[in-house]
Amino acid sequence: MSITGTWTGLESYLGGLGAQAVPAAGPEHVARERYLGRSAALHPAAGPLEEIFLHRRSSPGRLLFMESRLVAALAALSDGLTVTAPPTDVRYLALADHEVAALRRVPELLWQQRHAPPTLAGLARASSMSVRRLTTGFRALYGTSVKEFHRRRCLDRAAALLVETDWPVARIGHEVGYASPSNFGYAFRRDRGTTPARFRRTHS
């Protein structure tokens, strides 16, 4: 994922909505790192941007929905880019290539087994790593814990399905790995501040 544009253009678009919170790109090597998509700071923005990409319906609230997702992506970027991270050579060169490859398979393993998620110990065995190496390596690559990354992916997918399909809420909850509609409803409301049904009415 790459993001292009100018900070002054962003400021003129957002006005008083917080453009000053987004930091400048910084030195050239830092800007290049982020542009090429290796920075973990970019990962949290993927969910809101995916929702924009998947949104196909025409509705009176379409523009507001798109703008809300853009602002959410910028907020995620702002938070990620302002966090002080370890130097690149520490974060990445400390991991062998085969470890990085194994860690990049973890999100898909979790998604494939979302109805019966493996434990950290199980993921570590599948990745030929210790649990400690798995958790610290995953956080170095993705900027968050294994559990939080998977939770975010499931709820972002649920939000997209609520907007793009007419599936019952219970089916969507099951699709993204929740054992019961009540568990899904609680998790979604806690994350989005609204119920799945109200989210669908607002964004469809």
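**Reading aromatic rings and burial in a predicted model**

Reply: In this predicted model, the charged end of Arg171 sits over the ring of Trp167, 3.6 Å from its centre. A charge counts as over a ring if NZ of Lys or CZ of Arg is within 6 Å of the ring centre and within 35 degrees of the ring normal. Arg114 likewise lies over the face of Trp111, at 4.0 Å from the ring centre.

Me: What should I know about the numbering, the confidence limits and the atoms used?

Reply: Residues are numbered from 1 along each chain as its sequence is written, and side-chain values use heavy atoms, with hydrogens and water left out. Local features need pLDDT of at least 70 and side-chain atom pairs count only at pLDDT 80 or more, whereas totals for chains, interfaces and linings use all residues.

Me: How is a pair of aromatic rings described?

Reply: A pair of aromatic rings is described by the distance of the centres and the angle of the planes. Rings of Phe, Tyr and Trp (its six-membered ring) pair if their centres lie within 6.5 Å; planes under 30 degrees apart count as stacked, over 60 as edge-to-face and the rest as tilted. By this rule there are six aromatic pairs. One of them joins Phe138 and Phe149, whose ring centres are 5.5 Å apart with planes at 85°, so the pair is edge-to-face.

Me: Which helices hold Phe138 and Phe149?

Reply: Helices are DSSP runs (H or I, at least four residues), numbered from the N terminus. Phe138 lies in helix α8 (residues 131-142) and Phe149 in helix α9, so the pair ties together parts that are 11 residues apart in sequence.

Me: Is Phe138 buried or exposed?

Reply: Buried means under 20% relative accessible area, exposed over 50%, and partly exposed in between (1.4 Å probe, protein chains only). Phe138 has a relative accessible area of 0%, so Phe138 is buried. By contrast, Pro168, in the loop between α9 (146-164) and α10 (169-175), is exposed because its relative accessible area is 51%. Ala121, in helix α7 (residues 120-126), is partly exposed, at 32%.

Me: Where do Phe184 and Phe188 lie?

Reply: Both are in helix α11 (residues 181-192), four residues apart, about one turn of the helix. Phe184 and Phe188 are buried, and their rings form a tilted pair, 5.8 Å centre to centre with 55° between the planes. Together with Tyr178 and Phe199, Phe184 and Phe188 form one aromatic cluster.

Conventions: Helix = DSSP H or I, 4+ residues; strand = E, 2+ residues; numbered from the N terminus.
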